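Work through the exercises below with the sequence and the 3D structure in view. Try each task before reading its solution.

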Amino acid sequence: MTEFTQNAYAKINLSLDVLSKRADGYHNVSMVMHQVSLADTVTLRPLEQEGIQLTSDSAQIPHDEKNIAFQAAQLMLNRFGIHHGIHIHIHKEIPVAGGMAGGSTDAAAVICLLNQAFQLDLSKETLMSLALELGADVPYCIFARPALAEGIGENLTEICGLPPCKIVIVNPNIEISTKEIYEEIDQVHYVEKPNNHRLIELLKEQNLKEACVYMKNVMQPISIKKCPKIAEILQSLQSLGAIRAMMTGSGATCFGIFSCKSKLENVSALFPDCFVKITSPYWGGAD
Ligand code: ATP
């Protein structure tokens, strides 16, 4: 039977602000999101008999209904009364629990692939509202363009993305619980706030150097307290000549933005115990 395959891109936060805690426990945020050329590959194969099967080359993620990509399939099959089974295979490249929306992007890919495989003909808006039932970051992964994300992350406005540059991703293989960071942020009375509005203006002008000045993640100081290794990585990226080095999401993945001309061939040697990848900005494909 036919197979359907899609790249599921990782995101970084060029800026992350937490605005307030809502009555339902979620937080209102303001985040400048960009995808990078680091992606899982999700392959979907319809089966004759009912049931969802999930395989992966990664032992770090669950292979059952705890996997958010599995949950995405359950949601779609139930909602649209599809009486086929499916097999999902996830080739994992994105560090797990690293603040790069690895699970969310796999789930988004499954939603899009099911729309394609079963010719559901659902609009991007409908796919995004289904995605929100799975998690706050999933609609963005379907949107898949540089964006300002507000509300709990689901309220998306397209913005001008980064100009061409190199983005070095460094993950120290340490998992940080996003939930714990949010709990701590609720206790902090003062945090220096990012100016996302100015950042977006500078991206529109394609002024990379100035834009970098306004990139800020309010979770970074809290995550550094839990994982001092983050500070070391950021220092090393800076010494290597990064225009900006910061953390994505609640960490512990860090990234450094470098000019296209930077010589980065030996960067992996600087971070022996880490996952290191030289990427570029991903601006989204054609609709
Ligand atoms: P975010 O940036 O959206 O906060 P993250 O990148 O920090 O997410 P994930 O990689 O999505 O975190 O992993 C978070 C948890 O979800 C892990 O404990 C992992 O085991 C679980 N998980 C479930 N499904 C997946 C999946 N398809 N890929 C990665 N992790 C998954």
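A polar contact is a pair of N or O atoms within 3.5 Å. The model used here is predicted.

**Exercise 1. The surroundings of K92**

Decide whether K92 is buried or exposed, and find which side chains make polar contacts with its side chain.

Solution. First locate K92, in the loop between β4 (85-91) and α2. Its relative accessibility is 14%, and buried means under 20%, so K92 counts as buried. Then look at the side chain of K92: a polar contact of 2.5 Å joins it to the side chain of D40, and another, of 2.9 Å, to the side chain of D106. Leaving out residues up to four places away in sequence, K92 touches D40, D57, S58, I61, G102, G103 and D106.

**Exercise 2. The buried side of α3**

Identify the buried residues of helix α3 (residues 124-132) and state how they are arranged around its axis.

Solution. The buried residues in α3 are L127, M128, L130 and A131. They lie on the same side of α3, because the arc they cover around the axis is only 160 degrees. An α-helix has 3.6 residues a turn, so residues three or four places apart point the same way. Finally, list what the buried residues of α3 pack against: α1 (68-79), α2 (102-117), α4 (138-143) and β6 (155-158).

**Exercise 3. An aromatic pair**

Classify the one aromatic pair in the structure.

Solution. The pair is formed by Y9 and Y282, with 3.7 Å centre to centre and 10 degrees between the planes. Planes under 30 degrees apart count as stacked, so this pair is stacked. Now place the partners in the chain: Y9 is in strand β1 (residues 4-21) and Y282 in strand β11 (residues 281-282), 273 residues apart. Last, compare accessibility: Y9, at 17%, counts as buried, whereas Y282, at 21%, counts as partly exposed.

Key:
Residues numbered from 1 in each chain as written. Predicted model: local features only at pLDDT ≥ 70, side-chain atom pairs only at ≥ 80, totals over all residues. Heavy atoms only, no water. Phe/Tyr/Trp six-rings, centres within 6.5 Å; stacked < 30°, edge-to-face > 60°. Helix = DSSP H or I, 4+ residues; strand = E, 2+ residues; numbered from the N terminus. Buried < 20%, exposed > 50% of the residue type's maximum accessible area, 1.4 Å probe, protein only. Arc of directions from axis to C-beta. Contact = heavy atoms within 4.5 Å. Polar contact = N/O pair within 3.5 Å; in protein donor to acceptor, adjacent residues only side chain to side chain.
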